[in-house]
Amino acid sequence: MQQKQPMPSADAARPSAGAVPEAADSAPSEDAQPHDSPGKHAVSVLWSFGKCLGALLPVYLAGYFGFSISLVLLGLLAYTGWKHSRDGKQARLQSAMCFLENEQDVTTTRVFRSKRDLPAWVSFPDVEKVEWMNKILLQAWPFIGQYLEKLLVETIAPSIRATSAHLQTLSFTKVDLGDRAMKVVGVKAYTEHDKRQVILDLYISYAGDVEINVEVKKYFCKAGVKGIQLHGKLRVILEPLIGDVPLIGAVTMFFIRRPKLDINWTGMTNLLDIPGLNAMSDTMIMDAIASFLVLPNRLTVPLVANLHIAQLRSPLPRGIVRIHLLEAENLAAKDNYVKGVISGKSDPYAVLRVGTQTFTSHHVDNNLNPQWREMYEVIVHEVPGQELELEVFDKDPDQDDFLGRIKLDLGIVKKAVILDEWYTLKDAQSGQVHLRLEWLSLLPSAERLTEVLQRNQNITISSKTADPPSAAILTVYLDRAQDLPFKKGNKDPSPMVQVSVQDTTKESRTVYGTNNPVWEDAFTFFIQDPRKQDIDIQVKDDDRALTLGTLSIPLSRLLSSTELSMDQWFQLEKSGPASRIYVTFLLRLLWLNEEAIPTTPVSPIPGEGDIESEVSPGATKLTPTSKRPEHTSPDSSFASEGVLRIHLVEAQSLIAKDNLMGGMMKGKSDPYVKIRVGGMVYKSQVIKENLNPVWNELYEVILTQLPGQEVEFDLYDKDLDQDDFLGRVKVSLRELISAQFTDQWYTLNDVKSGRLHLVMEWLPKVSDPTRLEQILHYNSLQSYLNKSVPSVALLFVYIERAHGLPLKKSGKEPKAGAELSIKNVSYRTKVCTSSTSPQWDEAFHFLIHNPREDTFIVKLSHSWGQALGALVFPVRELLVEKDLLLDRWFNLDGAMPESQILLRAELKLLDCKLAQCSDGTASAEEVSHMIPSGEAAAAANSELRHRNVHAQGGEDASSSGKAQVKLSFAYSSVENRMVITIHACRNLPSYSKDLPDTYVTFVLLPDKNRNTKKKTSVKKKNLKPEFNERFYFDMSLEEAKQRHLELSVKNSVSFMSREKELLGKLQIDLNQLDLTTGVTQWYDLLDETN
């Protein structure tokens, strides 16, 4: 037996891409070859001289005819590129051939190398090696070549010659498939999906020395192919399985993804190896292959008669995947300025591919954290197998820069139902992309249609995509037609069909020269609302001008059909009397089955937790990235502030500063107090002509414990020109915090006489909700002349960040700011730079008067304009939380479904000493002695009883039966404006048998103009109207305190009516109100006689 010579290894057989083929033409060495004869040597020398002369001839001709030398250089450059590309292809082909011939040896020597070099049966244990099949192919390869030669020469060549007069001399001069047969490097079988079918995945690899030459003698043109590489995964479906020979009804074949193709050209087609044309030619050929053999296209070969070929060629999809392309972060910066000296950003956009379905997002200018917020729906024909491929690029005027890619097996989405993950981009320095993937099952019933439409409506409202989400898919199987009308001259038509649903139209192939065409085509449409859409079918001649028949069917007919399908003959309109068409309609609802979400999370990484998921050899794994923290991370000093409660009681023995008659008569003073603490100033009421004034006013200040802070009380005498100084008291904040509570008289400094009575307390903060009732009860018993209500709690809020905010109307990212408010107190964060995931990291605090009624509101907007979402949070929800604390993500109303805000809300009850005493540790007399009641204070100052503001103590004041109006006054120092809110009226009088049409009008005196005069809307037939209307006045705080409110409640009557118009009036001096804290109160209305 002859011993087999060892084959060279693949590495040894691979020639260098830059090798010069002319080396084969060089003379062999004397050691290796015998000496040539003198004649042969002379011929060799002449041949070398001829080649040199041929190379120099173009240069000589260019100079002789006066052509530019640039043409010569351009030709030389094209030749060099062609030569380089040609040598590279030849090297790759030789390497692949050597690998396939010595697969076992090469695999063994490279077992420790990258899996990129290994066949599928090594990379995947469930892929079987089928050497027996390769032996059959090798044995049958010459006969396959004979069949191909016969097919090309006897069938394809005559068809090509018939298409054009220029190609009548075309012929195939050589058809040789070579000695190297196609190899199947691995097979994977699936039998668990459907009992009536067998699915095979064939990993094919062909690196052959095929040679096919074509000649057109008329034009002396020769072209051809010499060497082809083809690598890919071919899926073969054997279905349906039948109980008769041949046991298989049909064989369907297709590539799940585009195979890899490399072609070596010869003759005139050598030009296709020029760089640029090379990639273009291979792409065009791959497009031609994809139109026949890449999903959703299939090649179906029936083995038995009477099969629905169209349904085998285009079966119903496995499902639909709804892709939400949300955002990306930390992309690489590709734009540079001043030749790279200044680093810029990128203009990213994304390209998504599933099979032949391709989508491109819009690009976001100059942003490394783009927000796309786009939605796509893709048809999934085969799982496992089909992949989602996403690539991110930087948009440039010339060539777009690559920013990274990810690949994901859609079989994982089917198992998980919903995947909402961040994925790290591969082949890039940095970057993550955020996707939400939803698997939509196909339902053959219309029971859930209303629920599906309602879900889609919510998506449509919040989505930024142009196309609304689909509620169903419609598959149309176009079989055949009969007895179509003839063309003019009684000629047979060449019918084709246009199938339209709304704005989408698809065309069938054309069947030439018959009025009984058989198409066997299939089409799939996305349906937004099957109750309102129709399907239109038009049968036309191939010129599209002559209509042979039409058919229109409302999709609502399918909703009442069995399994949402119709399979029958339909009579054509505008056609012959016997013209009809056979069509099958299948409608399937798209259902997101959230109940099918697995309890154990499905790994979003291909190959983990998913036996069926596959990654092509050498592919890197997809890594989901968790980007968002679950809780806030405030500074350690958060919630360290406290509340100082100051009760300004009274003063005694003040100095008289007012003199009458040029000082001949001693007068008194008009004292008031300015309180300065923590950078804030509070001003008390002015008590007219009193040296022993009683204020009985309450102030609460939120302070941070800093060393050296003081609370300063300055007393002044109110005058027309300059106020006179009446004394000063300074109290150390540290001493107040140490003592917690103090109730004493302080002697005024820098004056001869006078003292001031103050009750001050640094309020303890507790997290015990059982103390709430006692604190509320105590506060309800207190009454102060400045209408201040003691606070019950202190709310601390830390707003960290937001996520997934909607884009601006222009499609760009917003500059987000947050406004936080409780009643009339509001704060604003900083405005972040353009981003849909802004980060603020700011803390705020609010005084809470009733946690059971107060509501905390956060409003997000773009630069305080376009609304981006809101959070409405009742403070009472904190009372049931542990430690009265919530720290988590909150969903935003009026925004995207994924829009959220991360904040921390912590409630601390203010448990004052007097409230503790009121539960039994002290008598009521002691408490009343500490804090004089409102009546006692009013009696001590007769002036206060004659104010023109008649205020009731609280909400229960309606028992007096007087006509009242509820008003709110507040001043926003941030916005420099005053806000007056007209809430409601009650107990209004009626002066006729009909109820009045009530409205409120008011003016801020002393000015009377359009800016200061306001009016509410009219409430028809109502004695208890509710307005809740807010009015804004841009002015400083000092200017607001100089205003005088004159308000009237009126009945809207006609000019000729005798009914009484005025229902009540009111006058308020705004200087008597604490506008900075805010006041909400019911006020008594006076009738016209008063």
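How many disulfides does a search of the whole structure find? The search finds zero, a disulfide being a pair of cysteine sulfur atoms within 2.5 Å.

## Basis of the model

This is a predicted model, in which local features need pLDDT of at least 70 and side-chain atom pairs count only at pLDDT 80 or more, while totals for chains, interfaces and linings use all residues. Residues are numbered from 1 along each chain as its sequence is written, and side-chain values use heavy atoms, with hydrogens and water left out.

## Overall make-up

The chain holds 17 helices and 52 strands. Helices (H or I, at least four residues) and strands (E, at least two) are DSSP runs, numbered from the N terminus. Of the 1090 residues in the chain, 46% are buried. Buried means under 20% relative accessible area, exposed means over 50%, and partly exposed lies in between (1.4 Å probe, protein chains only).

Among the contacts in the chain with a separation of 6 or more, 66% are between residues 24 or more positions apart; a contact means heavy atoms within 4.5 Å.

## Cysteines

A disulfide is a covalent bond between the sulfur atoms of two cysteines. Cysteine 832 has 10% relative accessibility and so counts as buried. Cysteine 985, at 2%, also counts as buried.

Strand E19 covers residues 495-501, and seven of its seven residues are buried, so the strand is largely enclosed by the rest of the structure. In a regular strand the side chains alternate between the two faces of the sheet. In E19 both faces are covered: one side carries Pro495, Val497, Val499 and Val501, the other Met496, Gln498 and Ser500, and all of these are buried.

Two strands pair if DSSP finds at least two bridges between them. E19 pairs with strand E22 (residues 534-541) in the antiparallel sense over seven bridges, and four bridges join E19 to strand E20 (residues 504-507), also antiparallel. Glutamine 498 has a partner in each of these strands: glutamine 538 is its bridge partner in E22, and glutamate 507 stands opposite in E20.

## An open four-stranded sheet

Another group of strands forms an open sheet of four, in the order E30-E29-E32-E33, with antiparallel pairing. Strand E30 (680-683) and strand E33 (724-732) stand at the edges with a single partner strand each, so one side of each has no neighbour in the sheet. From one strand to the next the twist averages 20°, with axes taken as lines fitted to C-alpha atoms, for helices over the stretch in contact, and angles running from 0 to 180 degrees between N-to-C directions.

Strand E32 (residues 710-717) and E33 run antiparallel and are joined by eight bridges. In this pairing glutamate 710 is opposite serine 732 of E33.

## Aromatic and charge-ring pairs

The whole structure contains 18 aromatic pairs. Rings of Phe, Tyr and Trp (its six-membered ring) pair if their centres lie within 6.5 Å; planes under 30 degrees apart count as stacked, over 60 as edge-to-face and the rest as tilted. One of the pairs is phenylalanine 570 with phenylalanine 585, edge-to-face at 5.6 Å centre to centre and 70° between the planes. Phenylalanine 570 belongs to strand E24 (residues 565-571) and phenylalanine 585 to strand E25 (residues 580-591), so the pair ties together parts that are 15 residues apart in sequence. Both phenylalanine 570 and phenylalanine 585 are buried. Elsewhere, Tyr827, Phe844, Phe846 and Phe856 form one aromatic cluster.

A charge sits over a ring if NZ of Lys or CZ of Arg is within 6 Å of the ring centre and within 35 degrees of the ring normal. The charged end of lysine 395 sits over the ring of tyrosine 349, 5.8 Å from its centre. For lysine 1060 over the ring of tyrosine 991, the distance to the centre is 4.5 Å.

## Backbone exceptions

Most residues other than glycine have a negative phi, and most peptide bonds are trans. The bond from valine 245 to proline 246 is cis, with omega near 15°; proline 246 is in the loop between strand E4 (221-238) and strand E5 (250-255). A cis peptide bond also joins leucine 1005 and proline 1006, with omega about 15°, and proline 1006 lies in the loop between strand E47 (998-1005) and strand E48 (1013-1015).

Asparagine 366, not a glycine, has a positive phi of about 50°. Asparagine 366 lies in the loop between strand E12 (357-360) and strand E13 (371-380) and is partly exposed, with a relative accessible area of 44%. Glutamine 502 takes a positive phi near 60° in the hairpin of E19 and E20, which has two residues between the strands. With a relative accessible area of 55%, glutamine 502 is exposed.
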